[in-house]
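Dear colleague,

Please find below the sequence and structure that I am handing over to you. My findings follow directly after them.

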Amino acid sequence: MNHRNLREKLSAYIDGEVADSEKEAIERHLQVCDACRAALDALQHTVRQVKALEEQTPPDGLTRRIMDRVRAEAADRGQPFWHRLFYPLHIKLPIEAVAMVFLVVMGAYLYRQMPDDPRLAQMPSAVEQKFETPSMADAEGESRRTGIAEERRSGAEHPAAEYRAVKPAPALPEQKAQEPPAGRPAESSPSFAVDESGPQRSAAARSAPSESTVLKKDLDADLPPLQMTLEVGDPGSAAVAVEKHLKKAGGKLLHTETQSGDTILTVSIPYAGLDSFRTRLAELGRVREKEAALAENRTESVLRITLTAQPFSE
Amino acid sequence: MDAPLVSAAAGGDLDAFEMLVRRHQSRIYNFVLRMTDSPEDAAEVTQDVFVAAFRRLKTFRGKAKFSTWLGAIAVNLSRNRLVKNRRRMANETPSLDAPVVTADGEFCRGTVSEEPSALERLESQALRRVVRDCVARLPIEFREVVVLRELQELAYDEIADMLSLRAGTVKSRLSRAREAVKQCLQRAMGKLQ
């Protein structure tokens, strides 16, 4: 056994916690090694010094204090739950009242800090949708860009809008008859008033869906697509360009058909990209829209773009 | 010997519990005192130990000795108090490098004395203070085994039960703890004779 091994075992050796074989080996080594014997002596001396620390008497009254707390604990244990919760009244009740006030104040504060749900702002009820129209400014801007005034003057060329037009500046005679009844919001589309105005409805208004039909329809999914006509030199190559602009605006092509030489594209486009898409189309040819603007709460729009080879007409 | 009292106390007999308190409070108090080195903390923690024991009495299954079970509670609550008072204890522990003032004058630590016995030159009271300080400066895990073995005179397996350690760990930890105390005393008093 080397010195290091032996010294590691000296502590257990002095406590008699070594195996008999180890004990013999240790004692044989100690007989011939002065250094290890000195280490043993030092260790035993240390243990004696620590053992010599006197036991202290607990302070007076310690037992009584312990038993006072234990008796209080035992008495409390025998009480019903509500008693332990509220008694002693003069201590627990104020603390619990303060805690309750704190919780209420914190709850109100956190509630007021919560941001409004943006989805609620974007999703009006079906009734609100019925009366909502684009703003006057948007409608007038679109009119100037797309020639909506011309469209209205030549309104006999095109079938009436499948759903309501905006309310731009000059109201056509047939639309004047469709003024909404008193009590309705001023911006409501003339066509929304169709059903209310009874026999005064014009041909254009009569083709508009009834209020009850509108109320029943889902906001984004079931509304008829926006109608747009683009007069171009070559509808075929114009269709390719339209698709390219559509992708840039984040939209997608839903359907393509050919009708009487015209190419009709049904597309879906996010509302956010609609304006830039219109601008691009205007660069390809003359745009004529049946709908000048959209309800602001739509996230996506469906357009039916008719590419026709007819020349510009004045 | 504790079993009947424990059984009665668990059934609600407070007099039986008081007898257990009187029987074990000195041992618990001294253990906590050596761990915390503070009579005030020792008194408070001792109370906490017995109140905790009273609350948990019904969970005591009797597989270990009641004294071992009670000691384990004292170990845990002492540790909690030490963690809480760590900064205070570090500030209050005297420096072992400061000279020891004796009746014969100042004695500078760390010098190797050629006199017959350095220990004989120190007042026994001063020596006990040094020893107490050396124990108090031990890391908590070393201090526990030294106090339980040297002062409480518990067997290795009982210490292992109380500290939830293997017997081999107790053995090695005690060996290192004693070596640490020895070196601390040597630094404080010079060469031990």
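A crossing of two helices is called right-handed if the near helix is turned clockwise from the far one by less than a right angle, and left-handed if the turn is anticlockwise. Please keep in mind that this is a predicted model.

In chain A, the crossing of H1(A) and H3(A) is right-handed. The contact involves A:His3, A:Leu6, A:Arg7, A:Leu10, A:Ser11, A:Tyr13 and A:Ile14 on the side of H1(A), while H3(A) contributes A:Ala35, A:Cys36, A:Ala39, A:Leu40, A:Leu43, A:Gln44 and A:Val47. The axes of helix H1 (residues 3-14) and helix H3 (residues 34-51) of chain A come within 10 Å and cross at roughly 30°. Angles under 35 degrees count as roughly parallel, and H1(A) and H3(A) are therefore roughly parallel to each other.

Salt bridges form a second topic. The structure holds 24 of them over all chains. One of them joins A:Lys9 to A:Glu22, with the closest N and O atoms 2.8 Å apart. This pair links distant parts of the chain, since A:Lys9 lies in helix H1 of chain A and A:Glu22 in helix H2 (residues 20-32) of chain A, 13 residues apart.

Finally, I turn to the interface. Chain A gives 33 residues to the contact and chain B gives 42 residues. Between them the two chains bury about 3600 Å², with 61% of this area on carbon and sulfur atoms. Six salt bridges are found across the interface of chain A and chain B. B:Arg55 forms a salt bridge with A:Glu73, where the closest N and O atoms are 2.7 Å apart.

Yours sincerely

Note on methods. Residues numbered from 1 in each chain as written. Chains lettered and ligands numbered in written order. Predicted model: local features only at pLDDT ≥ 70, side-chain atom pairs only at ≥ 80, totals over all residues. Heavy atoms only, no water. Axes fitted to C-alpha atoms, helices over the stretch in contact; angles between N-to-C directions. Helix = DSSP H or I, 4+ residues; strand = E, 2+ residues; numbered from the N terminus. Parallel < 35°, antiparallel > 145°, perpendicular 65-115°, else oblique. Contact = heavy atoms within 4.5 Å. Buried area = accessible area lost by both parts, 1.4 Å probe. Salt bridge = Lys/Arg side-chain N within 4 Å of Asp/Glu carboxyl O.
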